[in-house]
Amino acid sequence: MNLDATFSALADPTRRAILARLARGETTVQDLAEPFAMSLPGISRHLKVLERAGLIARSREAQWRPCRIEPRALKDVDDWLDRYRRFFDESFDRLDVYLKTLQAKDQKAKDLKAKLGKKESKDGRKK
């Protein structure tokens, strides 16, 4: 797993669009190039980056070079991100508990202040 190459490949919006198209199924370079305003060599350069990152695979069928997505590379990224997702979820849970503790203390202070204010107003002096 080479996360640097994977994230570098995913940093480009054209390559992400190519992956989105390949998620629907295997297709040729010409079909991939269709929605983009760039040359076939330009698309091929993007495909080489994706291939080096292990995100796609290309095969050869006569003169065609069909491309397909390699889900394993994306699974590796998802596994890596999952560790951080769990860390942040646990951190947010701890923060939530802490904030609820602060809110409860604040509410107790308000309740006590209100209670003392009522006692003071009954006899007109502070206790």
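1. In this note, a residue is called buried when its relative accessible area is under 20%, exposed when that area is over 50%, and partly exposed in between, with a 1.4 Å probe and protein chains only. Helices (H or I, at least four residues) and strands (E, at least two) are DSSP runs, numbered from the N terminus.

2. The model is a predicted one, in which local features need pLDDT of at least 70 and side-chain atom pairs count only at pLDDT 80 or more, while totals for chains, interfaces and linings use all residues. Residues are numbered from 1 along each chain as its sequence is written, and side-chain values use heavy atoms, with hydrogens and water left out.

3. On the outward side of the account, R45 and R52 are exposed on the other side of α4 from its buried residues, which are G42, I43, H46, L47 and L50. Seen down the helix axis, these buried residues fall within an arc of 140 degrees, so they line one face of α4; the arc is taken from the directions from the helix axis to the C-beta atoms. They pack against α1, α2, α3, β1 (56–58) and β2 (67–69), where contact means heavy atoms within 4.5 Å.

4. As for its dimensions, α4 has 13 residues and reaches 18 Å from its first C-alpha to its last, close to the 18 Å expected at 1.5 Å a residue, the expected span being 1.5 Å times one less than the number of residues. Just after α4, G54 takes a positive phi of about 80 degrees.

5. L40, by contrast, counts as partly exposed because its relative accessibility is 39%; with the same exclusion of residues up to four places away, L40 touches V29, Q30 and A33.

6. The axes of α2 and α4 come within 10 Å and cross at roughly 75 degrees, where axes are lines fitted to C-alpha atoms, for helices over the stretch in contact, and angles run from 0 to 180 degrees between N-to-C directions. The two helices are therefore roughly perpendicular, a label given to angles of 65 to 115 degrees. In this meeting, T14, R15, I18 and L19 of α2 are in contact with I43, H46, L47, V49 and L50 of α4.

7. In α2, the buried residues are T14, R15, I18, L19 and L22. Because they cover an arc of only 140 degrees around the axis, they sit on the same side of α2, and they pack against α1, α3, α4, β1 and β2.

8. The largest nonpolar core has 16 residues, and those with the most contacts inside it are I18, L47, L50 and L55; such a core is a set of buried Ala, Val, Leu, Ile, Met, Phe, Trp, Tyr and Cys residues joined through side-chain atoms within 4.5 Å. At least two residues of this core come from each of α1 (3–10), α2 (13–22), α3 (29–33) and α4 (40–52). Not counting residues up to four places away in sequence, L55 touches T6, A9, L10, L19, L50, R68, I69, E70, A73 and L74.

9. Leaving aside neighbours within four places in sequence, L3 is in contact with V77 and W80.

Methods
Angles under 35 degrees count as roughly parallel, over 145 as roughly antiparallel, 65 to 115 as roughly perpendicular and the rest as oblique.
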